[in-house]
Amino acid sequence: MDTIIGCVTDLLPEKEPLDNPKEVIKSIQIRLKNTNSEEHIRAISDAIQVARHHPKLLKLHMNSINRKIVQLLNGQRIFDVRLACQSAGELFRTMRCTDRPLFDNIVTGLMNRTADKNQNIRIDANWALDKMVISIPPLYSIKSIANCSQHKNPAVKIAQLRLMHCVTVIADPMKILTGIAGLKKARQLILKSCVATIEDANAEIRFLSKKLMQLLKSTCYESFCSSLVQDISWDELKIAGKNLDMEDLAADILKKNIK
C-alpha cells in the first residue's frame with residue numbers, strides 16, 4: 001500500500017473536550033447562516049471540535065456543514081480552501097458521512113485541489129482523500145473517485161489511481177476481483193480506469209495503472225482474467241494484455257474459455 005501522506009491538521013489543533021457541545025452546535029448553526037465569511041470559518045472549526053468528541057450530537061447537522069465545506073473548497077482564499085480540506089479529512093474520520101450528492105461534491109472538490117498551484121493545498125487535499133479511503137466503505141470511495149475519470153490534469157489522474165490502489169489493498173484485492181459484498185461495481189470502475197490510463201502520455205500515470213493491474217493479476221490470475229472479460233471490451237482487453245506483458249492474454253482466455 002502507498003504511504004499515507006504525512007500531515008498535521010495545523011489549522012484545526014486538538015483541544016480539550018467541550019463542556020457544552022449542545023450550545024456550541026446551536027452557535028454553529030447560527031454562524032453558518034451569517035453573511036460574514038469569518039463566522040463560517042469559526043463555525044466549521046467548532047464543528048470539527050464537536051465531531052472529535054461528540055459525533056452523535058453533530059450527525060443531524062452534517063448537511064449544512066458539508067454544504068459550507070463544498071463552498072469553501074470552491075473558494076479563492078488559500079486559508080479557506082486549506083481549512084475545508086483539513087475539515088473534510090477530519091469529518092471523514094469522525095463522522096463517516098456519505099450522504100449524496102454532498103459526499104461526491106466534497107470528494108470531487110478535493111480531487112480537483114490535488115492539482116492546485118499551492119503546495120499546501122495539494123498536500124491537504126491528498127491527506128483528506130487518504131482519510132476518506134481509510135474511513136469510508138470501499139464502494140462509496142471508488143464511486144466518488146471514479147467521478148473524476150475524465151479529468152485532464154495529470155495530478156488528478158495520479159491521485160485517482162493512487163487512491164484506487166489504496167482502496168483495493170484495504171478492501172482486499174481478492175474481494176475486489178470476486179465482487180463479493182457489493183464490490184462488483186468497484187471492480188468495474190477500477191479496471192475501466194486502469195485501462196483508460198495504461199497508455200497515458202504521463203509515465204507516472206502509466207506506472208500507477210500497471211501497478212494496480214499487476215496487483216490484481218498477481219492476486220489470482222484466473223479471477224483477474226474473468227474480471228477483464230466481464231468488465232471491459234475485447235479491444236480494451238488487448239490493450240491491457242499488451243501493456244502487462246501478456247501478449248497471449250486474449251488467446252489464453254479463449255483457450256481456457258474463461259468467463
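Which helix is S141 found in? S141 sits in helix α8, residues 138-146; helices here are DSSP runs of H or I with at least four residues, numbered from the N terminus. Before going further, a word on the model: it is predicted, so local features need pLDDT of at least 70 and side-chain atom pairs count only at pLDDT 80 or more, while totals for chains, interfaces and linings use all residues. Residues are numbered from 1 along each chain as its sequence is written, and side-chain values use heavy atoms, with hydrogens and water left out.

Back to S141. Its relative accessibility is 0%, so it counts as buried, meaning under 20% relative accessible area, with exposed being over 50% and partly exposed in between (1.4 Å probe, protein chains only). Skip the residues up to four places away in sequence, and S141 touches M132, V133, I136 and V167; contact means heavy atoms within 4.5 Å.

Now hop along to helix α11, which covers residues 184-197 and holds I190. I190 is buried too, with a relative accessible area of 0%. Its contacts, leaving aside neighbours within four places in sequence, are I142, M164, T168, I176, L212 and L216. For a sense of distance, take N112: it lies 78 residues from I190 along the chain, and the two C-alpha atoms are separated by 19 Å.

Last stop is helix α12, residues 203-219, where you'll find S209. What is the relative accessible area of S209? It comes to 0%, so S209 is buried. With neighbours within four places in sequence set aside, S209 is in contact with L161, C194, T197 and I198.

How values were computed: Helices (H or I, at least four residues) and strands (E, at least two) are DSSP runs, numbered from the N terminus.
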